[in-house]
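Morning, everyone. Please have a look at the next slide before I start.

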Amino acid sequence: MQLEGLSVDEIAPSASEYRHLRALVGWSNDLDEQSMIGSLANSLYHVTLRNNNQLVGMARVVGDGYMYFYIQDVVVHPDWQRCGIGHLLMGRVEDFLKQAARPGATVGLLAAKGKEGFYRDYGYLERNGSELGLGMCRFVK
């Protein structure tokens, strides 16, 4: 699939879009809608990609905005995986972090099992993990 024609926005998806995209990739949707709305609203940064107004990918950053940043929900619709969308999302996330994270800050994430190599390309370091994949972090210098 071509990335041409996709729209990129720095806004949160709706809670129903978020729930749907998570379900498509097999992630838990145990939270109630109000919790999802609150979580999305309290994120530091969002990036979404849409094809004809349909959400095909998203990523967000949570944290305190000063010392700790956490990359959350880098997720791509299964029909759009392996098309470069994950890298496009991470590029936007990294651009945000370059502006927001000061020296001494910590950027963390938990990679889905088998996705650790994707984050290694962005300078994240592996830590010992278990069935959910390896935790990784990068210290901003």
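Predicted model: local features only at pLDDT ≥ 70, side-chain atom pairs only at ≥ 80, totals over all residues.

Let's start with strand β4, residues 68–76. On one side comes strand β3, residues 54–63. The two run antiparallel, joined by six bridges. β3 and β4 form a hairpin, with four residues between them. Glycine 65 sits in that turn, with a positive phi of about 80°.

Now the surface. Tyr66, Met67 and Tyr68 form a nonpolar patch there. Together they have about 390 Å² of accessible area. Tyrosine 68 belongs to strand β4. It counts as partly exposed, because its relative accessibility is 47%.

Next partner: strand β5, residues 106–110. β4 and β5 run parallel, and three bridges join them. Phenylalanine 69 has valine 107 in β5 as its bridge partner.

Most residues other than glycine have a negative value. Is aspartate 73 buried or exposed? Buried, because its relative accessibility is 4%, and the cut-off for buried is under 20%.

Asparagine 52 also has a positive phi, near 50°. This one lies in the loop between β2 and β3. Asparagine 52 counts as exposed, because its relative accessibility is 72%.

That's my tour. Questions, please.

How values were computed. Residues numbered from 1 in each chain as written. Heavy atoms only, no water. Patch = residues over 30% accessible without salt bridge, like charges linked within 9 Å, V, L, I, M, F, W, Y side chains within 5 Å. Areas by Shrake-Rupley, 256 points an atom, 1.4 Å probe, with all protein chains shown as cover. Salt bridge = Lys/Arg side-chain N within 4 Å of Asp/Glu carboxyl O. Buried < 20%, exposed > 50% of the residue type's maximum accessible area, 1.4 Å probe, protein only. Pairing = 2+ DSSP bridges.
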